[in-house]
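Open the model in your viewer and get ready to select residues by number. Each stop says what to pick and what is there.

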Amino acid sequence: MSYTVLIYFSLLVVGAIISQKGLISDKFSRKLGSIQNFFLLFLLFTMGVRIGLDKKVLSSFFQIGAKATVLAVFSIIFSIILVRLVRNIVIKDKEESHES
């Protein structure tokens, strides 16, 4: 499992470096929001399919309880907030570097 997290983190770093170096075209940059939304929806769909196929999860779904729901909701909310904050910082830094 730690190997998988390392791959995800490495991809994140590579993407940040490519973006920071200005190797992303403006046309592609303008479409990033739509691309991110598409892949987020695809990820959620895939997770839903996996949950639906797992009989154990379905049978214990209501036993999991409110704590799991609250944890999931707060994880989603704070993930969105943090991604937006980091994105705004990166975009602001990129705009400042282009101005100078």
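Select Tyr3 to begin: this residue lies in helix H1. Helices here are DSSP runs (H or I, at least four residues), numbered from the N terminus. Is Tyr3 buried or exposed? Tyr3 is exposed, because its relative accessible area is 60%. The cut-offs are these: buried is under 20% relative accessible area, exposed is over 50%, and partly exposed is in between, with a 1.4 Å probe and protein chains only.

A note before moving on. This is a predicted model, in which local features need pLDDT of at least 70 and side-chain atom pairs count only at pLDDT 80 or more, while totals for chains, interfaces and linings use all residues. Residues are numbered from 1 along each chain as its sequence is written, and side-chain values use heavy atoms, with hydrogens and water left out.

How far apart in space are Val13 and Gln36? The answer is 17 Å, C-alpha to C-alpha, for a pair 23 residues apart in sequence.

Select the whole of H1. Its 19 residues reach 27 Å from first C-alpha to last, close to the 27 Å expected at 1.5 Å a residue. The expected span is 1.5 Å times one less than the number of residues. After H1 comes Gly22, with a positive phi near 80°.

Next, go to Phe28 in helix H2 (residues 26-53). Phe28 is partly exposed because its relative accessible area is 37%. Ser79 is 51 residues away along the chain, and the C-alpha atoms of Phe28 and Ser79 are 24 Å apart. Then click Leu32, where H2 bends by about 45°. The bend is the angle between axes fitted to the seven residues ending there and the seven starting there.

Jump to Val70 in helix H5 (residues 66-99). Its relative accessibility is 43%, so Val70 counts as partly exposed.

Finally, color by pLDDT, the predictor's confidence in each residue, from 0 to 100. The chain mean is 86, and 91% of residues reach 70 or more. Which element has the lowest mean pLDDT? That is helix H4 (residues 61-64), at 73, whereas H1 has the highest, at 91.

Key: Helices (H or I, at least four residues) and strands (E, at least two) are DSSP runs, numbered from the N terminus.
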